[in-house]
Amino acid sequence: MDADLSTGAGDDEATLGRIETEVAMLMRLGEASRRRTGAEHRVLDRAAYVILRHLADAGQQNVSALAARLNLDGSTVTRQVSAMQRDGLIVREPDPRDGRGMVVSPTPAGLQRMAAVQAARTRLYGDILAGWAPEDRDTLADMLHRLNEALEHRPHR
């Protein structure tokens, strides 16, 4: 009986090792694919894309809420937002709920660039996964969502 338990633990350890390796490769290959593809993938850097996607979905936010949602330090988001404002991708406005604070919103130009990157990425993954059965693509989407949810809700140390 003890051998079965230790084998199960060893199998789980091996599976977790495979997951770690596959996630590392996914990140590396994803970045390499982005660099090798057309300019439409590079009209926004990753940080700007993620911020614009969130603002497009959630609406205007203050920097603190944005930082919390993206699991980033507030000073990091402040720098990113400042650069995006200089590039005309977002605007800062007084917070309608508290005039002392500011909220950021995407500009039409920011939304247009975000949509271009999103469409290019969707085409890229459509090409990459063209040989997959629709149910496999759906399963992959579900599993990636579960992984992202688990990462997002993981307690910070």
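The dialogue below treats helix packing and then salt bridges.

Q: On what basis are the values computed?
A: This is a predicted model, in which local features need pLDDT of at least 70 and side-chain atom pairs count only at pLDDT 80 or more, while totals for chains, interfaces and linings use all residues. Residues are numbered from 1 along each chain as its sequence is written, and side-chain values use heavy atoms, with hydrogens and water left out.

Q: How is the packing of two helices described?
A: Two packed helices are described by the angle between their axes and the distance between the axes. Here α3 (residues 63-70) and α4 (residues 74-86) pack at about 115°, their axes 9 Å apart. That makes α3 roughly perpendicular to α4 (65 to 115 degrees). Helices are DSSP runs of H or I, at least four residues, numbered from the N terminus.

Q: Which residues of α3 and α4 meet?
A: With contact meaning heavy atoms within 4.5 Å, V63, L66 and A67 in α3 meet G74, V77, T78 and V81 in α4. By class, this contact has five nonpolar, two polar and no charged residues.

Q: What counts as a salt bridge?
A: The criterion is a side-chain nitrogen of Lys or Arg within 4 Å of a carboxyl oxygen of Asp or Glu. The count comes to two salt bridges. E152 pairs with R69, the closest N and O atoms being 2.9 Å apart; E152 lies in α6 (residues 134-152) and R69 in α3, 83 residues apart. D95 and R97 meet at 3.7 Å, N to O.

Q: Is D95 buried or exposed?
A: D95 is buried, at 9% relative accessible area, whereas R97 is exposed, at 67% (buried is under 20%, exposed over 50%, with a 1.4 Å probe and protein chains only).

Technical notes:
Axes fitted to C-alpha atoms, helices over the stretch in contact; angles between N-to-C directions. Helix = DSSP H or I, 4+ residues; strand = E, 2+ residues; numbered from the N terminus. Parallel < 35°, antiparallel > 145°, perpendicular 65-115°, else oblique. Nonpolar A, V, L, I, M, F, W, Y, C, P; charged D, E, K, R; others polar.
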